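Please examine the sequence and the structure shown below.

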Amino acid sequence: MSDSPWELLPTASNHAASLDWLYLALTIVCGISFVLVIGAMFYFMWKYKKRSDEDRTSPLTHNGRLEFAWSAIPAVFLMLFFIQGEIDFVKLSAPPADAIDISITAEKWKWTIEYPGRSAASTTEVLDGEIAPLLVVPKGQPVRLLMSSKDVIHSLYIPAFRVKKDVVPGRYAFVWFTAIEEGTFPLFCTEYCGDEHSSMLAVVKVVPPEDYEAEVRAATTLEQGAGETIEAFGEKVYKAMACNSCHNPDASVKVGPGFGGLFGKTESMTDGSSLTVDENYLRESIYQPNAKVVAGFTPQMPSFAGQINDEQMNALIAYIKSLK
Ligand code: CUA
């Protein structure tokens, strides 16, 4: 499956092979230069060591041809690397006109994926036992990811595709690729963006083009399954919306309060008042997180208004109530 020079990573996009080739060429040329330069240094240290007081320095001062050669040959290699690098860079910067646009919004600490004509919804896929949003892309068709950040600088990185780009608040950034291999590949945030930076993951799933529409539909629908309990569905919402980035299912504090035993508890608020955690407080805190903040925490939760519908909210509250 992998034809990467080091067989470390799948070469799963159109960009991978030429970038790998450039890296391999750079590594080989730099390795050879290193051996030649450091080898010559040790040889001359030994050869020209002053062996006695009568040892005289050679009257030769320089060798024009040799000096020209050791400047010109590396310069040729540098130009070759520059030209190949420029070709790759231009290719990476120019998405084809027929590329499918998929929007990705980064915020502390989740990726929200929106497909054209389909509202925001994340779904989940297991990655090393972790749950993460799923980005579905068709094999063999160019895809452009239009990225923005709601808060700080994040950076989107899909190693198997060899694409990486900072996502800076206040402007759009993009990467494009054509996936050439079916399978699932990890997507990372690769700019330190706070406490839960390392859990800011997603999974890219490359599917056959004929399955793409159906897979996107499945990935953007978060509904209670037949025979699924409301608490189990609520747990799915909890993970799909990345609530677990900040709230543990037990009583321990992560970024925000743990959900275990939270329901029915009396909490003091930052404004000095106190209230008992009930359904309305949970609902308000999910839609308007900064309305009433529990004392000891900073108001940094994003609003989920427009992202969690009534059915999902009921399930999420049922799930939180079930946690002791
Ligand atoms: Cu987002 Cu690191």
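**Helix packing, backbone and cavity**

Helix 5 passes helix 6 in a right-handed crossing, where a crossing is right-handed if the near helix is turned clockwise from the far one by less than a right angle, and left-handed if anticlockwise. Helices (H or I, at least four residues) and strands (E, at least two) are DSSP runs numbered from the N terminus. The contact, meaning heavy atoms within 4.5 Å, involves Glu-279, Leu-282, Arg-283, Ile-286 and Tyr-287 of helix 5 together with Asp-310, Met-313, Leu-316, Ile-317, Ile-320 and Lys-321 of helix 6. By class, this contact of helix 5 with helix 6 holds 7 nonpolar, no polar and 4 charged residues; Ala, Val, Leu, Ile, Met, Phe, Trp, Tyr, Cys and Pro count as nonpolar, Asp, Glu, Lys and Arg as charged, and the others, Gly among them, as polar.

This is a predicted model, in which local features need pLDDT of at least 70 and side-chain atom pairs count only at pLDDT 80 or more, while totals for chains, interfaces and linings use all residues. Residues are numbered from 1 along each chain as its sequence is written, and side-chain values use heavy atoms, with hydrogens and water left out.

The axes of helix 5 and helix 6 come within 10 Å and cross at roughly 120 degrees; axes are lines fitted to C-alpha atoms, for helices over the stretch in contact, and angles run from 0 to 180 degrees between N-to-C directions. Helix 5 and helix 6 are therefore oblique to each other, given that angles under 35 degrees count as roughly parallel, over 145 as roughly antiparallel, 65 to 115 as roughly perpendicular and the rest as oblique.

Helix 6 (residues 310–322) also packs with helix 4 (residues 230–240), at an angle of about 105 degrees and with their axes 7 Å apart.

Two backbone features lie in loops. A cis peptide bond, with omega about 0 degrees, joins Lys-108 and Trp-109; Trp-109 is in the loop between strand 1 (100–107) and strand 2 (110–114). Arg-162, although not a glycine, has a positive phi of about 60 degrees and is placed in the loop between strand 7 (154–158) and strand 8 (163–167).

The largest cavity holds about 610 Å³ of space, a volume being the space filled by probe spheres set on the points, which are joined across faces, edges and corners. Its lining has 34 residues, of which His-247, Gly-256, Pro-257, Ser-285 and Met-301 lie nearest the centre of the cavity. Helix 5 (residues 279–287) gives the most to this lining, with 4 residues.

Notes
On a 1 Å grid over the protein atoms alone, a cavity is a set of points where a 1.4 Å probe fits but cannot get out, and a pocket is an open set with protein on both sides within 12 Å along at least five of seven lines; lining residues have an atom within 4 Å of a point.
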